[in-house]
Amino acid sequence: MTTKMREEIDEIPAAAARLLDTQTDLIRDCASALKKADPKTVVTIARGSSDHAAYFLKYAVELQLGLPVASLGPSLASIYEAPLKLGHAAAFAVSQSGASPDIVAMARGARAGGATTISLVNTIASPLAETADFAVDIMAGPEIAVAATKSFVNSIVAGLAIIAAWSEDKVLVQAVDALPEHLQSALALDWSALLEPLREAESLYMLGRGPALAIAAEAALKCKETCELHAEAYSSAEVLHGPVSIVGRDFPVVAFAARDRAEASVAQTISKLAAGNAACFITSDKATGGEKLPFIATGHPITDALALIVPYYGFIESLSRARGFNPDKPVALKKVTETQ
């Protein structure tokens with residue numbers, strides 16, 4: 001039986017193509033507004049997988065535009081009612097449902113504080129969409145499985161398209177336009193080498209740097225959501241400053257490395273860990289230890305990182321079933337979580 005999660009993972013390339021085909025004018029309008037506003041900083045507002053998408057976009061903005069990006073705690077608005085001075089800022093609010101009261105309150109507060117606000121939502125008729133200066137429908141389509149997959153990817157694709165137009169980077173524009181094809185190729189990658197090491201595991205680390213660290217964070221969340229498997233995401237540099245102390249011989253470590261300037265650093269960390277640990281894996285050919293996981297080279301370091309999540313999603317759906325769970329309906333979770 002094919003799960004809804006698997007079906008939705010398989011829809012990722014088509015969903016990305018649909019977004020890029022239908023939202024071009026609005027993406028251009030967002031970029032024009034950002035150029036005109038000329039913000040000195042960017043803030044993000046999100047939770048869960050949407051926050052990991054925002055984390056990815058943080059790195060993209062900082063790398064492409066040189067602007068510092070900070071994540072705002074939604075409780076600043078929803079609980080503490082603290083006004084923020086954001087007259088020289090842009091705000092990206094990311095949400096599948098656009099319905100969580102604390103996210104809506106923080107986006108409203110950001111706009112009231114003077115920020116140019118953009119919401120990336122999969123439900124265009126939503127309070128969050130109504131709150132923002134610009135509301136971009138990420139066009140992922142209905143997502144039935146509790147664990148977000150295609151909506152996570154499309155949130156990033158939408159954000160990257162805006163960033164590419166805002167920065168007027170033709171190379172990134174071309175890389176984003178080519179994403180549907182590369183994501184389709186990524187669907188065919190086989191990460192089943194992870195299945196046996198993680199089937200009986202109790203805990204593991206996900207590593208990355210730069211945009212790939214956001215992918216590691218999303219990967220760790222999916223372990224918890226679909227497999228009841230404890231996983232933590234760390235920078236491949238940070239893991240050596242203490243967390244490495246609990247990495248034993250059979251403690252799995254999965255490293256997400258893109259074809260960027262951080263790849264050698266991530267590979268070096270895995271090589272060190274693999275010397276005393278048989279359960280290390282990495283999406284790079286540069287490591288001298290650990291097992292290599294296949295990857296798609298998209299031709300751009302930022303889109304390279306995004307493509308890594310697609311074969312991982314396919315793997316984690318299989319692992320959930322192998323561990324005796326239904327990945328569509330995690331026992332303790334709901335599709336829409338509304339927090340104050």
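How many residues does H6 have, and how far does it reach from its first C-alpha to its last? H6 has 12 residues and reaches 16 Å, close to the 16 Å expected at 1.5 Å a residue. The expected span is 1.5 Å times one less than the number of residues.

**Before you start**

This is a predicted model: local features need pLDDT of at least 70, side-chain atom pairs count only at pLDDT 80 or more, and totals for chains, interfaces and linings use all residues. Residues are numbered from 1 along each chain as its sequence is written, and side-chain values use heavy atoms, with hydrogens and water left out.

**Whole chain**

Select the protein chain. It has 15 helices and 10 strands. Helices (H or I, at least four residues) and strands (E, at least two) are DSSP runs, numbered from the N terminus. Along its principal axes, the C-alpha trace spans about 55 × 40 × 40 Å. A compact globule of 340 residues would have a radius of gyration near 20 Å, and the chain agrees, with 19 Å. That radius is taken over C-alpha atoms, and the globule rule is 2.2 Å times the number of residues to the power 0.38.

Colour by accessibility. Of the 340 residues, 56% count as buried. Buried means under 20% relative accessible area, exposed over 50%, partly exposed in between (1.4 Å probe, protein chains only). The chain exposes about 13800 Å², and carbon and sulfur atoms supply 52% of it. Those areas come from the Shrake-Rupley method with a 1.4 Å probe; for residues, only the protein chains shown count as cover.

Now the contacts (heavy atoms within 4.5 Å). Among those between residues at least 6 apart in sequence, 76% join residues at least 24 apart.

Show the charges. The mean positions of the 29 positive and 38 negative charges are 3 Å apart. Lys and Arg count as positive, Asp and Glu as negative; His and the chain ends are not counted. Each charge is placed at NZ of Lys, CZ of Arg, CG of Asp or CD of Glu.

**Stop 1: helix H6**

Select residues 101–112, which form H6. Its buried residues are Asp-102, Ile-103, Val-104, Ala-105, Met-106, Ala-107 and Ala-110. Show their partners: strand E1 (41–45), helix H5 (75–78), strand E3 (89–95), strand E4 (116–121) and helix H7 (127–131) all receive packing from the buried residues of H6.

Pick Pro-101, which is in H6. Pro-101 is partly exposed, at 26% relative accessible area. Draw a C-alpha distance from Pro-101 to Ser-78: 7.4 Å, for residues 23 apart in sequence.

Move to Val-104. Val-104 is buried, at 5% relative accessible area. Leaving out residues up to four places away in sequence, Val-104 touches Gly-98, Ala-99, Pro-127, Leu-128 and Thr-131. Its C-alpha is separated by 9.5 Å from that of Ser-126, 22 residues apart along the chain.

Just after H6, click Gly-114. Gly-114 takes a positive phi of about 110°.

**Stop 2: Pro-127**

Pro-127 lies in helix H7. Pro-127 is partly exposed, at 38% relative accessible area. Beyond its neighbours within four places in sequence, Pro-127 contacts Gly-98, Ala-99 and Val-104.

**Stop 3**

Start at Gln-23, in the loop between helix H2 (12–22) and helix H3 (24–37). Is Gln-23 buried or exposed? Gln-23 is buried, with a relative accessible area of 10%. Neighbours within four places aside, Gln-23 contacts Val-136, Asp-137 and Met-139.

Most residues other than glycine have a negative phi. Two selections go the other way. Asp-38 has a positive phi near 50°. Asp-38 sits in the loop between H3 and E1 and is partly exposed, at 44%. Glu-168 has a positive phi of about 55°. Glu-168 lies in the loop between helix H8 (150–167) and helix H9 (170–177) and is exposed, at 58%.

**Stop 4: helix H13**

Finish with residues 263–274, helix H13. H13 has 12 residues and reaches 16 Å from first C-alpha to last, close to the 16 Å expected. Which residues of H13 are buried? They are Glu-263, Val-266, Ala-267, Thr-269, Ile-270, Ser-271, Leu-273 and Ala-274.
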